[in-house]
Amino acid sequence: MPPAHPFDDDKLREECGIFGVLGVQDAANFVALGLHALQHRGQEAGGIVSHDSEQGFNSARRFGYVRDNFTSTDIMQTLPGPLAIGHVRYSTAGSKTAAIRDVQPFFGEFSMGGAAIAHNGNITNANALRRELIERGSIFQSSSDSECIIHLMARSLQRDIPARMEDALRRVEGAFSVVAMTRTKLIGVRDALGVRPLVLGRIGDGWVLSSETCALDIIGAEFVREIEPGEMVVISQETGVESRRPFRQRKSRFCIFEQVYFSRPDSILGGRSVYETRRQIGVELAREAPVEADLVCPVPDSGTPAAIGFAHESGIPYGMGIIRNQYMGRTFIEPTEQIRNMGVRLKLNVNRALIRGKRVILVDDSVVRGTTSRKIKEMILDAGAAEVHFRIASPPTAWPCFYGVDTPQREKLLAANMSEEEMREFLGVDSLKFISLDGLYRAAGEAQGRDNACPQFCDACFSGEYPVEPADMIEKGFKLKTAAE
Ligand code: SF4
């Protein structure tokens, strides 16, 4: 298993990317390329399952990057056939020492044939389901909550696999986008709130399902549409795309952090370019929190579009005051506290000639623990900046995510423990401002801002308002927001 990046624990991390292809020769090769384009959604491990009429189901699951495993002819030759799905993942906070058996896709053999399933999100009642299933005789092979879906499918009395999957997913709470396959069908599902993304694409006579549109581009597939919240698509070569509605209809609550950080800027979400939304966040931020300064710099790469928007709106020149080492890749160093501090310097360096003597606005996507922000501020001051002003392209992250994003415990989130002024002092900067929730909603296309009675997105990590009760976490002692907070 590759070691974690020592500086990446100061970001929220999306835990999974999923991809599936039906109806092309050697579909697994296309899945490998798709997973490579989704690598930002999970870098710890990846897996592919394929089906071939002669050889049946085959699978390969490996720790490490897609490019280090699924480019090898030895591996790809073991994954023949016109139908394949794949998954990339991070470990969750509780399972840093994941075993290969936790790497998806998971496979189940049923009386009517086999099925493989890959899941992005988090099942919030997984503990209760697991207990119930074990009591009734299920034997789990992994610690992953996603395996519950396979066991629930095994217990369903429905006659075909898609119907069994409908049964299983009706028992599941939380956020899930699923890509699954039988011997002949590719299946995609989004939970009723549509918290995590999933899109449909077309390649020649074949079909593609992907977490993001950027992964359609890499294989030359055409974007068809998003899978709608609460929709299941069952795709076969003979009948094309059949749309089903297994869940009670609810108003969608897409993850707004996908807009801020998780998704790639070259993806399209909800009909809008992620890059444009991020640039617009910078525009809103400049309107909400102006400051006199000489230079607007992004914290690369994720702060770049918002910094461009901020500079444009404020009229303050934009410059690359921080340069990212593109070849950092993974490190062999264990993430001790000391190395964690060094880690920022391994990844980022200050463009001294540009910074010296200037009042600098640094635009970053988020502040989680604040350790990286402090280090960057020190580097900028060491380089001779006259003032440092932080502008953050998301509201204060004060609550953990329980919907498929690796978040530190609440106590470790800077904004859970400090006011904005206390955070400014802690970071040691001249000013610190976060975009408001309303500003973020406006940038994401909601002209009237957030509808507080019925929010248009999931924003629980900012607001503490969880659209699906995190039952497992409440059982473990997590306290929901009180009326007084
Ligand atoms: S809690 Fe935050 S990161 Fe998690 S799904 Fe909601 S908006 Fe996204």
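Which residue stands opposite leucine 186 in E13? Isoleucine 235. Keep that pair in mind.

Some ground rules. This is a predicted model, so to speak: local features need pLDDT of at least 70, side-chain atom pairs count only at pLDDT 80 or more, and totals for chains, interfaces and linings use all residues. Residues are numbered from 1 along each chain as its sequence is written, and side-chain values use heavy atoms, with hydrogens and water left out.

Now strand E9, residues 186–190. Helices (H or I, at least four residues) and strands (E, at least two) are DSSP runs, numbered from the N terminus. Two strands pair if DSSP finds at least two bridges between them. E9 has partners on record here. With E13, residues 232–236, E9 pairs in the antiparallel sense over four bridges. With E8, residues 174–181, E9 also runs antiparallel, joined by five bridges. A hairpin of four residues links E8 to E9. Across that pairing, valine 178 stands opposite valine 189.

Is E9 buried or exposed? Buried means under 20% relative accessible area, exposed over 50%, partly exposed in between, with a 1.4 Å probe and protein chains only. Five of the five residues of E9 are buried, so the strand is largely enclosed by the rest of the structure. Leu186, Gly188 and Arg190 point one way; Ile187 and Val189 point the other way. In a regular strand the side chains alternate between the two faces of the sheet.

The space taken by the ligand is the largest cavity. A cavity, on a 1 Å grid over the protein atoms alone, is a set of points where a 1.4 Å probe fits but cannot get out. Helix H8 (256–262) and helix H17 (460–463) each give two or more residues to the shell. H8 gives the most, three residues. Which of the 13 residues around the ligand come nearest? Arg196, Cys255, Cys401, Cys458 and Cys461. Near means a heavy atom within 4 Å. By class, the shell has eleven nonpolar, no polar and two charged residues. Nonpolar is Ala, Val, Leu, Ile, Met, Phe, Trp, Tyr, Cys and Pro; charged is Asp, Glu, Lys and Arg; the others, Gly among them, are polar.

Last, phenylalanine 434, in strand E24, residues 431–434. Phenylalanine 434 counts as buried, at 8% relative accessibility. Leaving aside neighbours within four places in sequence, its contacts (heavy atoms within 4.5 Å) include Leu285, Val367, Ile392 and Met423. The C-alpha atoms of phenylalanine 434 and valine 363 are separated by 9.9 Å, and the two are 71 residues apart along the chain.

Conventions: 1 Å grid on protein atoms, 1.4 Å probe; cavity = no way out; pocket = protein on both sides within 12 Å on 5 of 7 lines; lining within 4 Å. Sits in = over half its atoms within 2 Å of the grid points.
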